[in-house]
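The sequence and structure come before the details.

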Amino acid sequence: MSANEFQPTDEVNFVSALSRTLAAANGCLMGLLAEAGLNDLAPSHGDILMRLFAEEPITMQRLAQAIHRDPSTVTALVRKLADAGYVATRKSTADRRVTEVSLTGKGAGLRASFDAISRQLRDAQMRGIDPESFRVTCATLDCIRRNFVCATGADAPTQGGAS
């Protein structure tokens with residue numbers, strides 16, 4: 001076993017292995033985005049766009065809650081998507097303090113590409129893994145996530161860092 005391979009019995013290196021796995025998944029995703037000609041998108045935009053495919057318009061606050069991100073991070077990511085022409089923001093007619101986000105025609109046009117990229121990413125992820133092993137892994141990861149949330153005293157996990 002090489003030094004870069006994860007040794008399942010090594011609990012100390014588990015978080016490092018998760019980090020390397022996420023980096024590899026993001027690298028794969030960046031490659032798939034580039035192949036689709038979507039060089040102006042980053043993996044961090046995916047949750048926002050997928051949420052908007054399912055529900056729009058959506059308030060910035062609801063979007064942040066739905067994708068488990070800090071509101072300031074969502075604001076920065078939405079601004080980048082708006083600058084690229086994928087989303088539009090507007091003040092709510094019911095409450096001018098509330099900002100709503102919706103897809104533009106260009107953003108809505110991403111749906112087929114996103115569906116194809118999601119399938120390719122899922123296929124790469126599941127190669128050589130049986131469904132039961134994957135189910136157990138997901139359950140274990142969720143338990144570990146909850147353990148970290150409890151250890152930090154946080155109510156809901158958020159991910160920072162806009163890309």
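From the N terminus on, the elements run α-α-β-α-α-β-β-α-α-α, which comes to seven helices and three strands. Helices (H or I, at least four residues) and strands (E, at least two) are DSSP runs, numbered from the N terminus. This is a predicted model, in which local features need pLDDT of at least 70, side-chain atom pairs count only at pLDDT 80 or more, and totals for chains, interfaces and linings use all residues. Residues are numbered from 1 along each chain as its sequence is written, and side-chain values use heavy atoms, with hydrogens and water left out.

**Whole protein**
- Of the 163 residues, 23% count as buried (under 20% relative accessible area, with exposed over 50% and partly exposed in between; 1.4 Å probe, protein chains only).
- Among contacts (heavy atoms within 4.5 Å) between residues at least 6 apart in sequence, 55% join residues at least 24 apart.

**Helix 2 and helix 6**
- Helix 2 (residues 43-54) packs against helix 6 (residues 111-126) at an angle of about 120°, and their axes are 11 Å apart; axes are lines fitted to C-alpha atoms over the stretch in contact, and angles run from 0 to 180 degrees between N-to-C directions.
- Helix 2 contributes G46, L49, M50 and F53 to the contact, and helix 6 contributes R111, F114 and S118.

**M30**
- M30 lies in helix 1 (residues 14-35) and, at 38% relative accessibility, is partly exposed.
- M30 touches L41, A42 and P43, leaving aside residues up to four places away in sequence.
- The C-alpha atoms of M30 and L41 are 8.3 Å apart, with the two residues eleven apart in sequence.
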